[in-house]
Amino acid sequence: MLLLPGFHASLWFTEQVRECWPIPEVHVVLNAPLTFDPTKPTRLVLYATPNGNTIEQTLGSQLSKDAKTDWHFDIQHVAAQLRLLREKTLSENIVLACLEASGLSWPAWRAKHTDNAQLIRRMVGDLRAVFPRSRVTITGHSGGGSFLWGFLNGGETIPDFVDTLGFLDANYSYSNTSPERHGEKVLAWLRGDKARRLTVIAYDDREIQLNGKKVVGPDGGTFRATERMHARFAKELAFVDSKAGAITTKTALEGQLVLHVHANPKNAILHTALVGEWNGLLAALDPAQAFSEPRRYTNYIQPAAGIPPRPKDALGGAEIFTRLEKFPLAEREELLIAELLRGNLPEFLRRFVPLTLGPLTCQVLPDYLAVGSDTDFIRTPLTPMTAHKLADAFGCILPTKRLVDAIYSQATLKLDPQPLTESREAASTFAQHSRLIEAQRVGKLGALTAGIKKDVVWTNRLKEKPNKVAIYGWHKLDGQPIQPLTIVHRETYVDYSHGIRLIQRTARLNGKPCDLLALLQDPILCKLISDEGPITI
């Protein structure tokens, strides 16, 4: 296992991931194999998100059994298609970078930034610098095609390190009269190396309707854009046509240039189906992968984010902690994370409660993370590594110091701290402390409760000393925290006084959804949830 700089191990599919904001208002998630081999060549696949879709929705996941998962998570499955390609391509490392623009629209982002072409070129270069000498594939769906046009506009030529361009129903704005001379740039690039490929996937969208009205104007749509591309390239290239069912494929330069067009005989809206149902990304990345139904990547789809239902055979907290007593920390945490991931949490910890900070409303756990049932649960201190993995899996983040203070301020149940002094790191002491808290607690479970634990928090101070755990809080009844913010302990240290408070990553700012991680990067808005400026660790 080789953890790349800034990456952390994922819970799923032997992967490692990293999040960053490389240029203004652009969010990127990088996904690399955990078995990354620096002696092998690397392919970096840049995928620009479509209009209206987040990175998480674009990467895809299973839909939850209670149907609470947004349908957008089940239409593209970019991550699953890359996982299948990795399994079939063992000769190189394949890294995925999924890119999301603010406002969930690359066209709108480009309109806002007049220097967008230079920004995009710079970002592509910076991402490639993480994997020196990698070959780069640039692709996108829907409005993500605007990212590709921005990249092409950023220079007189397409850089030699780009090996593949893929428009997945995304070439709307192609024009043969554009001053950027896209056709000339693409042809010169293709002719420069026989290994380079351009793939376009589109469908006949001229007559499609939504709510009884045509979706595409008289000159719009990817069908007409693809016809314009074909007309341009056919001036200099000989195309070979083939047909498979409803798909017509036009190929030139011995397979370097491929235009797939679905005839759409039922006049359906196939915009997203071309990517997910028809394995469109796979077809754009690998000429050996057919552009056809059905899905070939089903076994590679990540589980739905969120807390799963508690299994009927789940053990109670007391029995689990009795069993944990004999295990060292690493094995103890493996068992705890397995229980929590399968949903062995009390019901009251599935109901997040609102926390208001001016125009921002967050959803926080009413209490600290625990294992077991409502009638038999033990609060579970964890290392920050395990806590962050759980937060990722449940669609949450850990709090900042500012959030911990806000939770205490707004808590409806404030209890007196119960310090212990002996066997602080023992599982039996964790259980003992949880019982002491319960002996104090009054009222129904689910009230926002504070004053019972120190929080494992996010802070820039971890830059000072890597591989440490940051803890803060454990407020007394007078509102003063027992524990100032500290990073003195190693990251593998965890004792009975630590608590894991999860906060849903999606919040609402002025009534509109927002990403708390993105908020933490904003030099102004970060003040809502951070008292130390942007959290960039």
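The protein carries 63 positive and 57 negative side chains, and the centres of the two sets lie 1 Å apart.

The model is predicted: local features need pLDDT of at least 70 and side-chain atom pairs pLDDT 80 or more, whereas totals for chains, interfaces and linings use all residues. Residues are numbered from 1 along each chain as its sequence is written, and side-chain values use heavy atoms, without hydrogens or water.

**Overall form**

The secondary structure comprises 14 helices and 27 strands, assigned as DSSP runs (helices H or I, at least four residues; strands E, at least two) and numbered from the N terminus. Along the principal axes, the C-alpha atoms fill a box of roughly 80 × 50 × 45 Å.

Of the 537 residues, 54% are buried (under 20% relative accessible area, with exposed over 50% and partly exposed in between; 1.4 Å probe, protein chains only). Among contacts (heavy atoms within 4.5 Å) with a separation of 6 or more, 68% join residues 24 or more positions apart.

**Cysteines**

Disulfides (pairs of cysteine sulfur atoms within 2.5 Å) number zero. The two cysteines below illustrate this count.

| Cysteine | Closest cysteine sulfur | Distance |
|---|---|---|
| Cys-20 | Cys-98 | 12 Å |
| Cys-514 | Cys-362 | 7.3 Å |

Cys-20 counts as buried because its relative accessibility is 13%; Cys-514 counts as buried at 15%.

Helix α11 spans residues 384–393, and its buried residues include Pro-384, Thr-386, Ala-387, Leu-390, Ala-391 and Ala-393. An α-helix has 3.6 residues a turn, so residues three or four places apart point the same way. Cover for the buried residues of α11 includes α10 (329–341), β18 (396–397) and β21 (454–456). Gly-395, with a positive phi near 70°, follows α11.

Val-371 lies in strand β16 (residues 370–373) and is buried, with a relative accessible area of 0%. Beyond its neighbours within four places in sequence, the contacts of Val-371 include Phe-321, Leu-336, Leu-340, Phe-377 and Ile-378. The C-alpha atoms of Val-371 and Ala-244, 127 residues apart along the chain, are separated by 54 Å.

Technical notes. Lys, Arg positive; Asp, Glu negative; His and termini not counted. Charge placed at Lys NZ, Arg CZ, Asp CG, Glu CD.
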